[in-house]
Amino acid sequence: MANEEQTAAAPVPAARKRRGPLLIGVVALLVLAGGGYAWQAQKAAHAAAARQTATDTKPELYLPMDPPFVVNFRDEESLRYLQVAVTLMAHDPKAIEVAKSADPVIRDALVSLFSNQEYSIISNAAGREKLQAQALAAVRKIVQARLGRPGIDALYFTSFVMQ
């Protein structure tokens, strides 16, 4: 009977021995996959940092659009006036030069945009932000036509007075 117990117990260690290399292989595969993921994540982070550094090294250049824009527009009951001081910002000196040379065209586009506004819309912050985005798009379109790229990174309202 002791021989029967030994014979019955003998296959168990053999099965364990067969699972050992499989388990080691799975663990090794997981370690390699994790290492590959970490390497890719590090590579992506390094590339993002390099792009950020390249953007940060260029100084911000500002172009105030002087004099401020003064337009009138109708409210439901009366005539209203809007005075807006605009400053353009870019990291590209060529874009600033193009904007300077296209000043009359940019001013014309912005006067048209500002005079077609409704008081009820631009009297709140969301309306002013929308107007600012529309003005930036108009300026970028003009600069793009002359330079081949938008070039202007931001447009700021440095003064916004409605009466």
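A polar contact is a pair of N or O atoms within 3.5 Å; within protein, one atom must be able to donate a hydrogen and the other to accept it, and residues adjacent in sequence count only if both atoms are side-chain atoms. The structure is a predicted model, in which local features need pLDDT of at least 70, side-chain atom pairs count only at pLDDT 80 or more, and totals for chains, interfaces and linings use all residues. Residues are numbered from 1 along each chain as its sequence is written, and side-chain values use heavy atoms, with hydrogens and water left out.

**Overall architecture**

- The chain contains six helices and three strands; helices (H or I, at least four residues) and strands (E, at least two) are DSSP runs, numbered from the N terminus.
- Read from the N terminus, the order of elements is α-α-β-β-α-α-α-α-β.
- Of the 163 residues, 25% count as buried, where buried means under 20% relative accessible area, exposed means over 50%, and partly exposed lies in between (1.4 Å probe, protein chains only).
- The chain exposes about 11,200 Å², and carbon and sulfur atoms supply 59% of this area; accessible areas come from the Shrake-Rupley method with a 1.4 Å probe, and for residues only the protein chains shown count as cover.
- Among contacts (heavy atoms within 4.5 Å) between residues at least 6 apart in sequence, 69% join residues at least 24 apart.

**The nonpolar core**

- A nonpolar core is a set of buried Ala, Val, Leu, Ile, Met, Phe, Trp, Tyr and Cys residues joined through side-chain atoms within 4.5 Å.
- The largest such core has 29 residues, and Val86, Leu88, Phe114 and Ile152 have the most contacts inside it.
- Two or more residues each are given to this core by strand E1 (61–74), E2, H3, helix H4 (103–115), helix H6 (125–147) and strand E3 (154–162).
- The largest share, six residues, is that of H6.

**Helix H3 and its cap**

- Asp92 is found in the loop between strand E2 (79–90) and helix H3 (93–101).
- Asp92 caps the N-terminal end of H3 through a side-chain oxygen that lies 3.0 Å from the backbone nitrogen of Lys94.
- With a relative accessible area of 17%, Asp92 is buried.
- Beyond its neighbours within four places in sequence, Asp92 is in contact with Leu61, Leu147 and Arg149.
- Within H3, the buried residues are Ala95, Ile96, Val98 and Ala99.
- These residues cover an arc of only 160 degrees around the axis, which puts them on the same side of H3; the arc is that of the directions from the helix axis to the C-beta atoms.
- Pro93, Lys94 and Ser101 are exposed on the other side of H3.
- The cover over the buried residues of H3 includes E1, E2, H4 and H6.

**Helix H4**

- The 13 residues of H4 should span 18 Å at 1.5 Å a residue, and the end C-alpha atoms are 18 Å apart, which agrees; the expected span is 1.5 Å times one less than the number of residues.
- Ile106, Arg107, Leu110, Leu113 and Phe114 are buried in H4.
- Seen down the axis, the buried residues of H4 fall within an arc of 130 degrees, so they line one face of the helix.
- Pro104 and Asp108 are exposed on the other side of H4.
- E1, E2, H3, H6 and E3 are among the elements that cover the buried residues of H4.

**Strand details**

- A cis peptide bond, with omega of about -5 degrees, joins Asp66 and Pro67, and Pro67 has its place in strand E1.
- Most peptide bonds are trans.
- Arg80 has its place in strand E2, and its side chain makes a polar contact with the side chain of Asp75 (3.0 Å).
- Arg80 and Gln163 are 83 residues apart in sequence, and their C-alpha atoms are 5.6 Å apart in space.
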